[in-house]
Structure formats: C-alpha cells, structure tokens
Amino acid sequence: MEDDSAIWHGLEHRMGEKLTQGRIVEPGKQGELTDNCPIGLGCFSHVVFERSVLVAVLARISSSPSEEVENTKTRTAAWRMGARAGILARNWEDTAMADDGALNRWRRYDAWDERPLRLDKFAPESPADGFCAAQSPNDPAPSICIENDTVVEMDGVAAGDFDMIDAFIAAHTIDAEVADEAMALDSGEFARMLVDIHVPRADVVRLARGMTPAKLAEVLWRLSTLELTFAQAKLRARKTPANQAHVTNAKDDPVQLAADAATASAIGFDEIETTMRVAENSWSNALACTIGAAVGRGGTLFQCSSEEAEELRLGMAGLTSYAETVSVYGSEGSFIDGDDTPWSKAFLIASYASRGIKARCTSGAGSELLMGFHEAKSILYLEARCLCVQRGIGVQGTQNGGIDGAPVTASVPGGLREILAENVMAALLDLECASGNDTRISESEIRVGAKIMPYMMAGTDFICSGQGSIPKYDNSFGASLFNAEEMEDYMLIQRDFEMEGGVRHVPEDELMALRARAIDALEAVFDELGVASLRPEQKSSVLTAHGSKDTDTFSFAEVRRIASALQAQEVTILDVVIALEKRGFSDVAQNILDLMKQRVSGDHLQTAAILRNGRVLSAVNDPNDYAGPGTGHQISPERRAEIAAIRDVLSKDEILAWAARDAADERRRYRLEPTGTAQAGEAPGEVVIGLSPAFGGELHRTTGEALLSDVLDALIGGIEEGGGTSRLVRIHHTADTSFLGLSAARLSGSGIGIGIQAKGTAVIHKSDFYPHMNLELFCQAPITDLSHYRQMGRNAAAYARGEDPEPVSIPYQGEALGSRYHVQTSLIYAIETALLDPAREPEELRVTFLDRR
Amino acid sequence: MTVDRKALDALYPVAEKQAARLRTRTGKTLDALTLKAARDRGLEASDFAITPEALRLQAEVAEVAERPQLGENLRRGAELANVPQETIFETYELLRPGRARDKAELLALAERYRREFDAPESAVLIEEAAEVYERRNLYRKRF
C-alpha cells in the first residue's frame, strides 16, 4: 500500500486521540511513533487475536521504523486493522498504567486467558492444506471394478495408475467375492447396520472386507460421535476391554523401571510399553521392565519401542513379548519418507510372527499432515488407506487413533470425532484396536476428560496405547492423555460410570511391597549376571520415588554400561529365569516362564490376545458378542467391587470415631444441662438459640472444623456484644435448619431466634415469618468460621432491637462444597435425624463453659 | 460368513486343545518347560522359539476364524521361522524404498527364498514388491 494513513485513522479512532505523534506504549516505557512511520501490516494482522502479540508488535514498530507495509489491499481493510490495533493498544495502555475500570476489554477474556486451554492452538478447516477431518473435496468417490477376481479400478483410479498403497490394497485387502455387494450397498444403510443390535458383528465385518478406503471413510462419517461410540462397543474384536501403560523415565533408570513396571502391572495394565531417552539403553530397559512386570503379576505383555532390527533382537532374546511400532502411512510420499513400503512392513510383520512375537501396526490421523504429504485429502480417508494396508498385511491389530498426530488432528473442527471414527474403522476391519489416547491432545483437563469418554463408554481392546503410569516429565514418548498424576481421576471416571477402564486401585502398602520386591529381583538378576550392583540409598530413593526427579541412581553412562554388558553377554530370558529362581524369586521366574511358553503354542499371535490368569484371551476364544442390553462384556460383581475400591471413601464408623475423639475434648470445655421444658420468653432483647438434636451430644464439630463449644461461645458472645440476651433450647422434633430457627424464634421474647445444626448450618429466623423465609441463612457451613458466628449473634441482637444490620457475608470462592463435604454432611445429618422425637417439646438448656469466661 | 465355532473351540487355545501337536525346537512338550528343568539346565533358549508347525497351526486357527490375511501372514511367518536372523534383517532392509538397485535384485532375492528356504509365499511377496517398485520408481537412490 502506498500510504498508511487509513491505518492511522483507524488507530486514532479507537485510541480516542489524535495521533499526529502516534503515541504507542511498549512494555516498560512509552515510545514515540511519527506520522510517516510505515507499519509492518503482516504483524498487525495477528494483533487482533492476542494482546501479547500486540505488545511485541508495538515494540517492533518503534524499533523497526523501516518495516515494509504489506498485505493490506484496500483502505477499508487498513482502517479496520488500525482500529482493531487501537482497541488493543488502548486496553493494554490502560491495564499497564492504571486499573481505572474503564477498559475496553471485557475482563471475562482476561479470566479465559488465564486458563490452560489458551495454550492450545487451533487450525481452520482448510482441505487444500490437509486440515480437514473428513470429506475433503479432494477425496475420491468410492468405486470398484473387478474383472476376473482382479481389481482393475478402485476409488476412481485405474490399476495402471495405482500408487503403491492402492496396489497393495487391491492385491491383498479387497475381498473380490463380496466387493460388488459391499460397494453397491448404500452407505447410509450400512452405517445403520453398524449401530443395529439385530445385525451381528460378523455380518458387517464380512461386508467391510469388500469395501475400498473411500467407501469406508464415507460410511464412518455417516455416524455421529454417539453412534460411533455405540458402534465401537459392538465392533470391538475382544469381548473383554483392556488397557496398556507406558513405563519409562527420564534417566532410563532400570531400577525405577522395574519398580514402575511392577506398579503398572499390579494396577491392571495388560500390556506395558517402554522406550528410551538414549537408544543404546534398550537392553537394560527391556530387562528391567520384563522383571518388574512379572513381579506385579503374571501375564503382562511387554514391549520396548526401538529401532526395528533392535526390537526384533530383543524379542528374539525373549526380553519383549510384543511389538507395536510398525508404522504405516496413508500416502505414498509419507510412506516413503517413513522409509518403508507396504511390502517391507508386510515382511517385517511376518518376521515378528516367525519369532513368536505378537505385533501390531501403528497408524493414525495427522501423520501425513505432519510429514507434509497429505495430498490435500481428508484425515479420515488417509487413515482408511492405512487401515486397509494393515488388513492386507495380515497383522492382527493396529494402534491407531491419532497417536503422535492426535494433537494436530484435535486442532481441526471435528478432529476428535475423526479419531474416534478411525478407531471404529479398525474394529470394523476386524483388527485389534489399541485406540490411541496416548498423547496429551490438550493442556485443558476438561478436553482431556472429554476425549477419553467415548472410549471408556464403548470399551476398546486397549483403551490407551498407552496410558502414562509414570509422571508426565518421565514419559519418554511425551505426555500421554492420562498420566501418573491423573491415574486416580481415571479410576474415578471408571467408578462413576461403571465402565471397564482396565485398572484398579491398589492400596499403598501393597504397591510399596511390590516395588521393593521388583527392585530386589532386579538387583539379584544384575548380580547373577555380574552387570551392576545397587546401593542401599539408591534402592530406597527409587522405592519411594514418584518420578526420576526423586531418585539417586545410575548415571546415563552407568546405564549404558549395563545395557552393553547385557547385549555383549547375549542375555536371554532363560538366563533371567534361572537367575530369579536361584535367588529365591521362584514366583517371578514362573510368571516369566508362563509368558515364554506362549512362544511354543503361538496362541498370543491371534487377534487381540492378552493373558489373564495364565490363559490367553483373544478375539478367537473371547469374541465380542454384543447384541444390546445384557449382552457382551459385563462387569462382574467382583470386578465391580474392585472398581469401587478407591481412596477417601468415608464411612459412618469413621465419622463416629472423629466424633468420639472430639467428645472427650469437649467434655472438658463446656457442659450443656437440660433444665426442663422450654417456655416462651418475654424479654424484648432476647434471642433464643435452638440447637439440633445431636448438637453437643453425639456430634461436636462443624464441617468448617469449628468445635461446637466455640461456636456456641461465639454466638452467645455476639448476642451480648450486640446488646441482647441469649437463651438456649434443645429442639427434639426437627433437625431442619428453617424449623429449628422458627421454633427458636417462636420461643423468643423478641421474636428473633437462631437455629443451628451440629454440622454448622444456621439461620436467623423471625417468629412471624413463613418457615422457609428467614432473615439470614448460613448454608455454607464448611466455610463459615467463628467470626461469622459471632457476627451472626450481633446481627440477631440487632434484629431483636428492630434494627436493620448489614447481613453477614461469607466469602465464597466457588469451591465445589458438595463434592468435598456432602458425604460427611449426609452421614452427620443421618445421626441427627435418628434422634428425632416428633412429640417432644423443646427443652431449656443451661450452658457452662469450663475453661473460659 | 459364519465362523465354525465348534471347529474353532476344538483348536484354540492350541496350548490347551492341541497340546499333543506342540513340540519345542528340541522336541520337548509344553509340560517339560518347568522351572525345575530350567534350574537343572535342561532347557535351551531355542526351546522358547516358535516352530513352523505351531505357526501353521495358528494359521489354521486364523483361517477357521475367517481372518484369511492373518492366516497368510502366519504362513509366511512359518516359512521365515527357519530363516537366519541376519537374512531377515538384510531382506527387510532391501525391501525398504531405495535400497535395492533394480528389479532384478529383488527378483533374485525372491528366488533365494524359494530355493534356499523353501519359502514360496514370502517369495511371492518379494516379487510383487519388485513389480510395484519399478512402476513407482522406488529403486531411486535415497542416500
């Protein structure tokens, strides 16, 4: 643009002052801009979004007056841009200079800006750039043409033009026998079959074998998130859902790995996966996790994500039992960039089988985008190609659902729906589905919690692949969706909705014992193999460590020495078994041996195999037979009890035990003595305090942690300070705050009464009010303290004199008081109501404070 | 498509239903793989390496379970069970894009699998790759 006056006019308009000397504030000082200063409009176009950027831009303007003017085509656009910048500049200036309440910015945005969510960044839908969850205009229309059992055209591409992915799918995936039938089926009709409980899983799985990637993508996008969730429950390969854990740490410390693997395996994960910060440490990582997992319980499958050849070597040595990182891509460009082809991967997968190692491929939304070869196709269509390749390879299962590409997929509209759709597609193709949920897609805990819900509701073969069983900073794969920090949150979601999440809470002392044993077992094996010895402080630091920041353990160099010694000795799992047995860890040795015996039968090579109680459980002998309510996977009563057993479960006994301890204290502090049936008073300045049935008898402390003797002292003291007199009565016929207050008020000479429950809830009532009206109500007992009760007394005395005092304000910060206190409240209130005697008149009480006044 | 449940239940889990057909590479039965045997040094690492027979049995299970591609993969696995580790790595490396110089190199590899390892299914896979790689220009140098 030739002149930037339009921008200045806009800027001035909003700044509300003439900017002949464009005054703009930059951090820490005021800068000067002259009228003829050109502005970098490329920067200004961002200004509208973020104040922090504006600050940077303003600084830049004043320091780079020679910046070229760019990107603004019309005067109107330039004016608008200036105006927007002006609004932001003024806000910033106001905020920086004085909090005068005259901001142009709604402060709600300040509150929103503080939320972790604001660290997430989002992408507009833009099919040309690959930012398109599904149905890109560049996706092909589904089609197939088969001649002599050979696919000669697929999704609009003739066989001669097939890229390597098309060629592989045409040759290995498409079932020519059902293709015509399946492709002729209306996509909407097929989508309905996916959620129809009267259509067996086997029927839709058969038809899907004849469908092309474009057809599969079209079908899956006909389902809403709700329908996808339902379809996942029906289509999952194995009836019993399971879960997988990450076990890694920032130091590649084998001692911590052993302890953490034992923990993860005991918590219930059926597979655990490790990887290294330093690739050369793989042998040490694998050995430690194998031993640790076998301490936790028998049957946990284990893998060490490593370079392909290395991973196969570890598997051959028996130090791992499955492989997961055989990556597959949805465009030819990214496949080649990933340094593979469908054929090299097919060969690799067969190689794993030949060594008796369970394997699954990895694919997932967004990888083509991240690798820059998206072909302007939709994410779902590209993933459909990945999954068709996997089906053709003959791998038993997949790890899909975004994986490393989950965050970028989550940035586009409908991204998480797409991820769910691709997981369902995997199940439809009869693959074991380890359904992602292994990457932190957001800094927002709410988005994280929402992300997991469809998966826990539906159940998948592995809900997370995997879930961080270690702190975020220790996760060598990067933070997972859920991590050690949030493990109990996950357990709670499982308990709240009674969904199978694959984990259980294990009491702390049991976990500590397992950790200690895992460390001892590793020490014994290290000693037998002569590769390292552990120091007592090292062992104790790992035993109690939340993460590697708490450990005093091996250096990276020491770990590398251990790893190379293991590799040099060509250690096999048999050596480990022998060492464990010799040193008294026979049960651990037996668990490993049982796992190794799978190698002889190969039963764990079938689709979706896990090991439970020494038995293989797979899609073959535990097929998902969901067909509506009461069918499919059911949570057994034993499992339900396990899911329910979490921490901080308050029992009535516990509440009574607290009360008993307080009772002993309170007996030394004050005495409440009944002196006969309460009579109506006549003193005009009188305030009657009506105590609930259990107040000071069975219960002694408010939910706000105040002792009832102190509460009473404060109320009486407040009434006296307010110039009134107090009288105490015990109410027997009700425990309800309103009626306690009204009963007290009706007995009061002034007509003013206070009703109070043992848990601290109180009211100031008036004798001629309706029961549920009141002068002041104190319903947030947990945050009501003695000063509030004292002020309540003063106010009651003021009302008694006919004055109109300022009501007591209890500062509420938005705490979820119900979640914190309602268990306790309910239990306490039940103690009150158990004492009710509807026919009994209120009793006069005499209070004697024994240690004061 | 109806899976023959009865046939499947008679086969799987193989360790339970067909244990008599299973032997380790040194000829031991599953029952012989005990801790005591390990302690007495009566086991070898190769006792825990799957056999081609077990893999073919699992291929049969997969096929009865209507998973033909998994069956094919397990049959290729059975063929590869006796192929030395280093050959496996070399083959995988050669199948990666830009490793083989030309089609002939892959065809020769396929021929070797057929002759030397009696692995016709694996050979077919390699030959197929040889064709597609040529058409898609995957013999181009990558490093």
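Tutor: Helix α30(A) is largely enclosed by the rest of the structure, because 12 of its 14 residues are buried. This is a predicted model, so read everything here as computed. The helix runs over residues 708-721 of chain A. From first C-alpha to last, α30(A) reaches 20 Å, close to the 20 Å expected at 1.5 Å a residue. After the helix comes A:Gly723, with a positive phi near 85°.

Now the setting. Chain A has 33 helices and 22 strands. Of its 853 residues, 59% are buried. Among contacts between residues at least 6 apart in sequence, 76% join residues at least 24 apart.

Two helix pairs show how elements of chain A pack. Take α11 (residues 225-235) and α20 (residues 415-428) of chain A. Their axes come within 9 Å and cross at roughly 25°. Angles under 35 degrees count as roughly parallel, and α11(A) and α20(A) are therefore roughly parallel to each other. Their crossing is left-handed. On α11(A), the contact uses A:Thr225, A:Leu228, A:Thr229, A:Ala231, A:Gln232 and A:Leu235. On α20(A), it uses A:Arg417, A:Leu420, A:Ala421, A:Asn423, A:Val424, A:Ala427 and A:Leu428. The contact residues divide into eight nonpolar, four polar and one charged.

The second pair is α29 (residues 652-669) and α33 (residues 817-834) of chain A. Their axes come within 10 Å and cross at roughly 70°. That makes α29(A) roughly perpendicular to α33(A). A:Lys652, A:Ile655, A:Leu656 and A:Trp658 of α29(A) meet A:Gln824, A:Leu827, A:Ile828 and A:Ile831 of α33(A). Here the residues divide into six nonpolar, one polar and one charged.

Next, two loop positions. A:Gly356 sits in the loop between α16 (342-354) and β10 (358-362) of chain A. Its relative accessibility is 0%, so A:Gly356 counts as buried. Leaving aside neighbours within four places in sequence, A:Gly356 is in contact with A:Arg599, A:His604, A:Leu605 and B:Ile50. A:His604 lies 248 residues from A:Gly356 along the chain, and their C-alpha atoms are separated by 8.4 Å. A:Ala279 lies in the loop between β7 (271-274) and α13 (282-296) of chain A. At 56% relative accessibility, A:Ala279 counts as exposed. A:Asp527 is 248 residues from A:Ala279 along the chain, and their C-alpha atoms are separated by 24 Å.

Last, the backbone. Most residues other than glycine have a negative phi, and most peptide bonds are trans. A:Ala376 has a positive phi, near 60°. It is in the loop between α17 (367-371) and α18 (379-393) of chain A. With a relative accessible area of 14%, A:Ala376 is buried. A:Glu570 has a positive phi of about 50°. Its loop runs between α25 (556-568) and α26 (573-582) of chain A. A:Glu570 counts as exposed, at 60% relative accessibility. The peptide bond from A:Ser465 to A:Gly466 is cis, with omega near 0°. A:Gly466 is placed in the loop between α21 (445-458) and β13 (467-468) of chain A. In chain B, a cis peptide bond joins B:Tyr12 and B:Pro13, with omega about -5°. B:Pro13 lies in the loop between α1 (5-11) and α2 (14-17) of chain B.

Notes. Residues are numbered from 1 along each chain as its sequence is written. Chains are lettered from A and ligands numbered from 1 in the order in which they are written. This is a predicted model: local features need pLDDT of at least 70, side-chain atom pairs count only at pLDDT 80 or more; totals for chains, interfaces and linings use all residues. Side-chain values use heavy atoms; hydrogens and water are left out. Axes are lines fitted to C-alpha atoms, for helices over the stretch in contact, and angles run from 0 to 180 degrees between N-to-C directions. Helices (H or I, at least four residues) and strands (E, at least two) are DSSP runs, numbered from the N terminus. Angles under 35 degrees count as roughly parallel, over 145 as roughly antiparallel, 65 to 115 as roughly perpendicular and the rest as oblique. A crossing is left-handed if the near helix is turned anticlockwise from the far one by less than a right angle, and right-handed if clockwise. Contact means heavy atoms within 4.5 Å. Ala, Val, Leu, Ile, Met, Phe, Trp, Tyr, Cys and Pro count as nonpolar, Asp, Glu, Lys and Arg as charged, and the others, Gly among them, as polar. Buried means under 20% relative accessible area, exposed over 50%, partly exposed in between (1.4 Å probe, protein chains only). The expected span of a helix is 1.5 Å times one less than its number of residues.
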